Amino acid sequence: MSWKASDVSVRPTTWADTDPASLAVEAAWGTLGWRLDGDLHGEPDPVSSFLGALAGCLLMSLRIAARVRKHELGRVAIRARSNEKGHVKEIQVELEVETALDDERLHRLVEVAERGCHIRQMIRDDVAFTMTVRRTGAA
């Protein structure tokens, strides 16, 4: 069976362009634009941007999973970090959740959110990934 581009639903195009004199990159998706900077002049580097996308994706996925299951969540926050230099070898995620869910339900909800996060699924198996969950109170 063959397919053609019109058979696939495609996300809006994201593009990037760079200045030949620096490591700064201008990126855009639709009318939204942002900068990345490998020289660290005030803009995030590509790894920090990826970690931000990962955190945002996990948060959205967690909220969706909670909504579908009619679980109450209050404030939810994520801190994501990786090794500082070279290729990413490990990613550590700290998830803080304000909820009255018992530990078993919260653990299951986090598992569902992790599987539902497309950015999380892009992380290679050779990159160590750890996520710790901390309850901050009842929602």
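Contact is taken here to mean heavy atoms within 4.5 Å. Helices (H or I, at least four residues) and strands (E, at least two) are DSSP runs, numbered from the N terminus. The structure is a predicted model, in which local features need pLDDT of at least 70 and side-chain atom pairs count only at pLDDT 80 or more, while totals for chains, interfaces and linings use all residues. Residues are numbered from 1 along each chain as its sequence is written, and side-chain values use heavy atoms, with hydrogens and water left out.

The chain contains 3 helices and 6 strands, arranged from the N terminus as β-β-β-α-β-β-α-α-β. Of its 139 residues, 27% count as buried (under 20% relative accessible area, with exposed meaning over 50% and partly exposed in between; 1.4 Å probe, protein chains only). Among contacts in the chain with a separation of 6 or more, 51% are accounted for by residues 24 or more positions apart.

Two strands are treated as paired if DSSP finds at least two bridges between them. Strands E1 and E2 are paired in the antiparallel sense over 5 bridges, and Asp17 stands opposite Glu26 in E2. Strand E2 (residues 24–29) is joined to strand E3 (residues 32–37) by 6 bridges, again antiparallel; Val25 has Leu36 in E3 as its bridge partner. The hairpin of E2 and E3 has 2 residues between the strands, and Gly30 takes a positive phi near 60° there.

A further open sheet of 3 strands has the order E4-E5-E6 and mixed pairing. Strands E4 (76–82) and E6 (128–137) stand at the edges with a single partner strand each, so one side of each is left without a neighbour in the sheet. Neighbouring strands of this sheet are turned against each other by 15° on average, direction ignored. Strand E5 (residues 90–98) runs parallel to E6, the two being joined by 9 bridges. Within this pair, Leu95 has Val133 in E6 as its bridge partner.

Two helices lie across strands of this sheet. For the angles, axes are lines fitted to C-alpha atoms, for helices over the stretch in contact, and angles run from 0 to 180 degrees between N-to-C directions. Helix H1 (residues 46–68) lies across E4, E5 and E6, running at about 150° to E4. Helix H2 (residues 103–116) lies across E5 and E6, at about 135° to E6.

The axes of H1 and H2 come within 8 Å and cross at roughly 125°. The two helices are therefore oblique to each other (angles under 35 degrees count as roughly parallel, over 145 as roughly antiparallel, 65 to 115 as roughly perpendicular and the rest as oblique). In their contact, Leu58, Ser61, Leu62, Ala65 and Ala66 of H1 meet Leu109, Val110, Val112, Ala113, Glu114 and Gly116 of H2. These residues divide into 8 nonpolar, 2 polar and 1 charged, where Ala, Val, Leu, Ile, Met, Phe, Trp, Tyr, Cys and Pro count as nonpolar, Asp, Glu, Lys and Arg as charged, and the others, Gly among them, as polar.

Lys70 lies in the loop between H1 and E4. Its phi is near 55°, a positive value in a residue other than glycine. Most residues other than glycine have a negative phi. Lys70 is exposed, with a relative accessible area of 74%.
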